[in-house]
Amino acid sequence: MSDRVDYQGKGLGLVDDKGRVAIPNTLRATLAKNAPRDDGKDGGTVIIAPHPEHRCLIAYDPGFVGVWKAKLEALDAAQFATSGRVDYNILDRAGGAEPLPFDGSGRFIMPTFERRYARIQGAAVFLGAFNWITIWAPHVLIETPGIDPFLKEYVEFTCEDKGIALS
């Protein structure tokens with residue numbers, strides 16, 4: 001984990017009908033450092049999964065899988081210690097993540113179901129969250145209770161600046 005670089009930055013990516021989208025520059029550079037290709041070429045692997053709490057997605061590099069799995073196993077064990085029951089959803093949800101190739105420009109194809117689940121259509125907001133990148137439909141981020149006002153205003157500003165309607 002110490003060799004990984006934290007995901008910091010934000011941006012908006014346009015999503016076409018086939019789900020093609022590019023990870024914004026600042027986040028793409030970090031992802032490329034954390035997930036280099038074995039052949040030395042540009043690009044790598046990004047893993048897309050549902051966020052553990054919100055109706056959005058998370059993206060991370062293969063080096064984070066073991067760390068994330070250990071955290072989720074610890075959470076499952078703690079819940080078992082208090083309730084005496086295993087919550088299979090904790091690991092099932094994360095274990096259904098999709099490893100996807102991305103090219104040197106950060107383009108990847110976001111799977112159809114994941115786009116549908118997160119309500120992502122023509123645009124996606126990418127936010128660095130140190131361990132991972134969150135990927136939101138702009139209107140869902142704004143409508144979600146408890147999201148920081150700075151992030152909501154960033155999305156409103158960016159969408160207005162790019163001519164993207166939030167309705």
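Let's start at phenylalanine 80, which counts as partly exposed because its relative accessibility is 42% (buried means under 20% relative accessible area, exposed over 50%, partly exposed in between, with a 1.4 Å probe and protein chains only). Before going further, please note that this is a predicted model, in which local features need pLDDT of at least 70 and side-chain atom pairs count only at pLDDT 80 or more, while totals for chains, interfaces and linings use all residues. Residues are numbered from 1 along each chain as its sequence is written, and side-chain values use heavy atoms, leaving out hydrogens and water.

Phenylalanine 80 sits in helix 2 (residues 65–83); helices (H or I, at least four residues) and strands (E, at least two) are DSSP runs, numbered from the N terminus. Together with Val86 and Tyr88, Phe80 forms a nonpolar patch on the surface, with about 320 Å² of accessible area in total.

The largest nonpolar core has 35 residues, and Phe108, Ile120, Phe126 and Ile135 touch the most other members. Here a nonpolar core is a set of buried Ala, Val, Leu, Ile, Met, Phe, Trp, Tyr and Cys residues joined through side-chain atoms within 4.5 Å. Strand 7 (residues 123–128) gives the most to this core, contributing five residues. A second, separate core holds eleven residues, including Trp68, Leu72, Ile90 and Ala97.

Isoleucine 135 deserves a look of its own. Setting aside neighbours within four places in sequence, isoleucine 135 is in contact (heavy atoms within 4.5 Å) with Ile48, Cys56, Leu57, Ala59, Met110, Ile120, Ala124, Val125 and Phe126.

A disulfide is a covalent bond between the sulfur atoms of two cysteines, counted here when a pair of cysteine sulfur atoms lies within 2.5 Å. The structure holds zero disulfides. For cysteine 56, the closest cysteine sulfur is in cysteine 159, 15 Å away, so the two are too far apart for a bond. Cysteine 56 is buried, with a relative accessible area of 0%, and cysteine 159 also counts as buried, at 0% relative accessibility.

Arginine 119, in the loop between helix 4 (112–118) and strand 7, has a phi near 65°, a positive value in a residue other than glycine. Arginine 119 is partly exposed, with a relative accessible area of 38%. Phenylalanine 130 lies in the loop between strand 7 and strand 8 (133–136), and its phi is near 65°, again positive in a residue other than glycine. Phenylalanine 130 is partly exposed, at 46% relative accessible area.

Terms used. Patch = residues over 30% accessible without salt bridge, like charges linked within 9 Å, V, L, I, M, F, W, Y side chains within 5 Å. Areas by Shrake-Rupley, 256 points an atom, 1.4 Å probe, with all protein chains shown as cover. Salt bridge = Lys/Arg side-chain N within 4 Å of Asp/Glu carboxyl O.
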